[in-house]
Amino acid sequence: MFWDCKAALLVEVGKSYKKISLMEKVKIGIIGTGFIGNVHGRIYSGLENAVISALYDIVKEKAEKTSKTIGGKVCDSREELFDHCDTVLVCTPNKTHIEIATDAVEHEKHVFCEKPFAIGTEDAKKLLETANNGKGVFQVGHNRRYAPVYQKLKELIKTDCAHSAHIKMNRGELKNPVWTGDVNVTGGFLYETTIHLFDMCRFQFGEIEELVAYGSQHEYPELDEFSIIFKFKNGFHCTFASSSDASWHFPFERIEVFCHHRTIMTEEMEHLIDSQGMDANFETHSFAMTEKEERWGYVKEDKAFIDSILNDKEPPVTAFDGFKSVELVESVYKAIKTGQKVRFD
Ligand SMILES: NC(=O)c1ccc[n+]([C@@H]2O[C@H](COP(=O)([O-])OP(=O)(O)OC[C@H]3O[C@@H](n4cnc5c(N)ncnc54)[C@H](O)[C@@H]3O)[C@@H](O)[C@H]2O)c1
């Protein structure tokens with residue numbers, strides 16, 4: 001029996017050794033055990049430095065079903081869940097994030113809040129202040145920042161001078177889950193889907209200086225079709241289109257970046273195509289064969305959260321980033337309503 005370098009005990013079993021990890025385990029509590037709660041739950045249950053400790057869902061059977069696959073005590077209330085974990089994942093529909101995340105911070109928990117951070121600038125300001133005054137780590141669920149395709153894009157545009165871009169972020173429908181078509185729950189289509197690539201704009205190209213936007217309403221009782229132009233503080237600019245019912249035609253999200261005699265294009269989180277020079281040759285980076293949870297960035301996102309907790313580090317996507325993405329959503333709605341450009345100081 002001896003120790004290896006990762007604080008694990010190696011116990012002799014016959015002619016080999018069995019590894020028993022004595023690493024500190026982060027005790028995870030999941031609030032909302034629907035689609036995304038289960039995605040994160042499955043990932044954390046496979047990490048050696050995390051354990052699923054507690055689950056709470058207003059539909060108890062959902063938490064019971066999740067518990068059968070990943071473990072965790074099924075709780076009857078948020079309060080009970082807080083008693084059984086040190087870290088809370090807020091995986092409930094959009095409008096509930098502010099209340100649940102605030103409650104978790106006030107109970108001195110580390111908090112992972114799914115996107116959107118909040119609905120409306122006022123609530124986002126309040127939650128930012130709460131998170132900044134909290135005792136634990138606060139991370140926001142903009143998973144795409146960790147997707148290999150977008151990390152590759154960031155790496156490539158760092159070495160070249162990107163001039164402008166064209167971005168598309170579509171959805172096929174607002175029917176699944178059913179609440180995605182209810183503006184009182186989502187805060188609006190931009191909060192549900194488009195916000196992912198609003199955050200991506202800041203991640204790839206920097207802070208935005210001003211925007212103009214047009215919107216219209218077709219299939220749903222809210223604005224559901226958008227055309228936006230962003231100008232960035234560094235002079236970069238891009239067009240951005242987003243439709244809520246454009247079918248799930250591949251690729252429903254795409255970034256095309258234009259550089260000097262070079263176009264770099266992403267196709268969802270599957271491929272990146274890099275066309276350099278005047279002869280139209282191109283190189284393809286494909287991530288299509290990796291597991292979806294890796295490809296969409298969820299695995300790296302969850303590992304980053306644990307790393308921040310265990311090493312007392314700022315997370316890669318902070319409450320401020322969450323706030324900025326809400327500010328962008330609200331600014332686009334304001335630009336459409338007023339017909340005026342919106343400037344950021
Ligand atoms: N980052 C991503 O890629 C990604 C993907 C999907 C969803 N999301 C976000 O995650 C959140 C959840 O989405 P989903 O698709 O998992 O929805 P879902 O409907 O599948 O699951 C939500 C769950 O929360 C439960 N719930 C509702 N109100 C609750 C409350 N007050 N307390 C406890 N439980 C409650 C519901 O019963 C349900 O089981 C949304 O904010 C959504 O925008 C993010």
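Q: Why is arginine 145 called buried in this predicted model?
A: Arginine 145 has a relative accessible area of 9%. The class of buried residues covers values under 20%, so arginine 145 is buried.

Q: What makes the contact of aspartate 321 with arginine 145 a salt bridge?
A: The closest N and O atoms of aspartate 321 and arginine 145 are 3.6 Å apart. The rule asks for a side-chain nitrogen of Lys or Arg within 4 Å of a carboxyl oxygen of Asp or Glu, so the pair qualifies. The pair links distant parts of the chain, with aspartate 321 in helix H11 (residues 319–338) and arginine 145 in the loop between S9 and H6, 176 residues apart.

Q: Is aspartate 321 classed as buried or exposed, and on what value?
A: Aspartate 321 has 10% relative accessibility. Because buried means under 20%, aspartate 321 counts as buried.

Q: What makes lysine 125 and glutamate 122 a salt bridge, and where do they lie?
A: The side chains of lysine 125 and glutamate 122 meet at 3.8 Å, N to O, and the limit is 4 Å, so the pair counts as a salt bridge. Both residues lie in helix H5, three residues apart, about one turn of the helix. An α-helix has 3.6 residues a turn, so residues three or four places apart point the same way.

Q: What makes arginine 78 and glutamate 99 a salt bridge, and which helices hold them?
A: Their side chains meet at 2.9 Å, N to O. The cut-off is 4 Å, so the pair of arginine 78 and glutamate 99 meets the rule. Arginine 78 is in helix H3 (residues 78–82) and glutamate 99 in helix H4 (residues 97–106), 21 residues apart, and the pair links distant parts of the chain. In the whole structure, a search finds 25 salt bridges.

Q: How many salt bridges does the rule find across the interface of domain 1 and domain 2?
A: The rule finds one salt bridge across that interface. The domain assignment gives domain 1 as 2–141 and domain 2 as 145–290 + 319–343.

Q: What makes glutamate 192 and lysine 115 a salt bridge?
A: The side chains of glutamate 192 and lysine 115 come to 3.7 Å, N to O. Because the limit is 4 Å, the pair is a salt bridge.

Q: What else describes the interface of domain 1 and domain 2?
A: The rule finds six residue pairs in polar contact across the interface, both residues at pLDDT 80 or more. On the side of domain 1 that touches domain 2, helix H5 (121–132) and strand S9 (138–141) each supply at least two residues. The largest share of that side, five residues, comes from H5. The residues of the side divide into ten nonpolar, five polar and three charged. In contact are 18 residues of domain 1 and 16 residues of domain 2.

Q: What area do domain 1 and domain 2 bury between them?
A: The two domains bury about 1,400 Å², 69% of it on carbon and sulfur atoms. In domain 1, Asn94, Lys115 and Leu128 lose the most area to domain 2, together 31% of what that side buries.

Q: Why is glutamine 204 called buried?
A: Glutamine 204, in helix H8 (residues 189–205), has 9% relative accessibility. The limit for buried is under 20%, so glutamine 204 counts as buried.

Q: What makes the approach of lysine 154 to glutamine 204 a polar contact?
A: The backbone nitrogen of lysine 154 lies 3.3 Å from a polar atom of the side chain of glutamine 204. The cut-off is 3.5 Å, so the distance is within it.

Q: Why is valine 149 called buried?
A: Valine 149, in helix H6 (residues 148–158), has a relative accessible area of 0%. This is under 20%, so valine 149 is buried. Residues touched by valine 149 include Thr266, Met269, Leu272 and Phe287.

Notes:
Residues numbered from 1 in each chain as written. Predicted model: local features only at pLDDT ≥ 70, side-chain atom pairs only at ≥ 80, totals over all residues. Heavy atoms only, no water. Domains from an automatic or database assignment. Contact = heavy atoms within 4.5 Å. Buried area = accessible area lost by both parts, 1.4 Å probe. Polar contact = N/O pair within 3.5 Å; in protein donor to acceptor, adjacent residues only side chain to side chain. Helix = DSSP H or I, 4+ residues; strand = E, 2+ residues; numbered from the N terminus. Nonpolar A, V, L, I, M, F, W, Y, C, P; charged D, E, K, R; others polar. Buried < 20%, exposed > 50% of the residue type's maximum accessible area, 1.4 Å probe, protein only.
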